[in-house]
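Here are a few friendly notes to read alongside the model.

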Amino acid sequence: MAKKKISSNFIYFFGAFGGILFGYDIGVMTGALPFLQTDWNLAGNASITGWITSSLMLGAIFGGALAGQLSDRLGRRRMILMSAVVFAVFALASAFAPTHGGAMFLIAMRVFLGLGVGAASALVPAFMSEMAPAKVRGRLSGINQVMIVSGMLISYIVDYLLQGLPTGISWRMMIGMAAVPAVILFLGVLRLPESPRFLVKQGKLDEARQVLSWIRPADEVASELADIQATATIEKKATSSTNWGSLLSGRYRYLVIAGIGVAAFQQFQGANAIFYYIPLIVQSATGKAATSALMWPIIQGVILVAGSLFFLVIADRFNRRTLLTVGGTIMGLSFLLPAILNMISPSLMKSQPMLLVVFLSIYVTLYSCTWAPLTWVIVGEVFPLAIRGRASGLASSFNWIGSFLVGLLFPIMTAAMSQAAVFGIFGLICLLGVVFIRTRVPETRGHSLEEIEEAGAQKAGIDTSAEIA
């Protein structure tokens, strides 16, 4: 454990680095896949392509759940260190996949790599929020999203810079480079103390007080320690009186469906189809080789970062439902219009193939400043305290399941039908998401957690005024 005051900037930097590492591993296959397809002659094998791409998300489904359970026993800091090791080991193992018959090996290694990705996606924001002062916690969801998309942009740039290497080396270098930020994260977190919140839960009050003295002004230590103790007591009492069945009870069902539904729709809207396969999408639209289309992921990455920064400006100025409604509607139209144009005038889409990419860029712009960050704001606000741990974990799992299925099925779908038709399906899902927001999700901006829980109870027909505290 650290022996001196820790700079808050140092803590935020390495919290941010966790997001960058997460984003890099999510985005790197975008540029690596075209070279891998050429090297292993996979261009006509849509199912293997889908499995290689989506296997990371399959591991992440379990990684987040396991990390949440283990972090309560072993600590946030120790689990982040273990996640960094998993990142580095399996990124390198993926890079050294054997050329002959290596598809199953690569899929298996990326499943294990996904365990680290899922763990980091759950642990790093939680660790940051527990270390940060209360006055900045509200901005962490947006900041973490900025760091994730920055990691994706870095991976796109690395892919672009390495494209000139021999085909069999380039994709291996792209994937293996994930080990570099993983090592940096490991070395940085070694210098960080454990979360005071975890230490309090373990009954280590003296250690928690010491850590707080390193990261807070002296006059705030006692009051914050008391607040942490009080919250820990409430949470322990709440979680001991609930179980998995409580998620479906009348009191909580409305809010659970709202949070899990938003998390699932975020992925089934098809964003990751663009992020993972944009070079192949451009290849299909223009006829040019995907290996020469690596500038497009960089353009998409710049849009993602810009949109995430813009979200920080508008996040608390508009209602959550308003932003999700506007974003989802324009996203849906961005997918549907190319499909409609393709039906009305196929010659236009053939003569202007980049129209599809322009519409996809509009989609990415709206996604980056609405559904991408707001999903996790909603998940953080909508679940009552008594079920928050279980419900948040379930929402994360549904999100990863959606990401896995989109990554797996997109190449199979595009092999069976036109790209315009596939994106038309995603467009309809976007509009269904808007209907879901308008009918099943309460407004959470400006409302306390107690007010949100009461709204859920009233939806279930429960009279909260008659309840005994």
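**Notes on the domain interface**

1. Across the interface of domain 1 and domain 2, two residue pairs are in polar contact, both at pLDDT 80 or more. A polar contact here is a pair of N or O atoms within 3.5 Å, where one must be able to donate a hydrogen and the other to accept it, and residues adjacent in sequence count only if both atoms are side-chain atoms. The number of salt bridges between the two domains is zero, with a salt bridge defined as a side-chain nitrogen of Lys or Arg within 4 Å of a carboxyl oxygen of Asp or Glu.

2. A word on the basis: this is a predicted model, in which local features need pLDDT of at least 70, side-chain atom pairs count only at pLDDT 80 or more, and totals for chains, interfaces and linings use all residues. Residues are numbered from 1 along each chain as its sequence is written, and side-chain values use heavy atoms, leaving out hydrogens and water.

3. Domain 1 covers 8–192 and domain 2 covers 243–468, with bounds from an automatic or database domain assignment. Their centres, taken over C-alpha atoms, are 21 Å apart.

4. How many residues of each domain are in contact? Domain 1 gives 39 and domain 2 gives 33, counting heavy atoms within 4.5 Å.

5. About 3,000 Å² is buried between domain 1 and domain 2, and carbon and sulfur atoms give 80% of that area. Buried area is the accessible area (1.4 Å probe) that two parts lose on being put together, summed over both.
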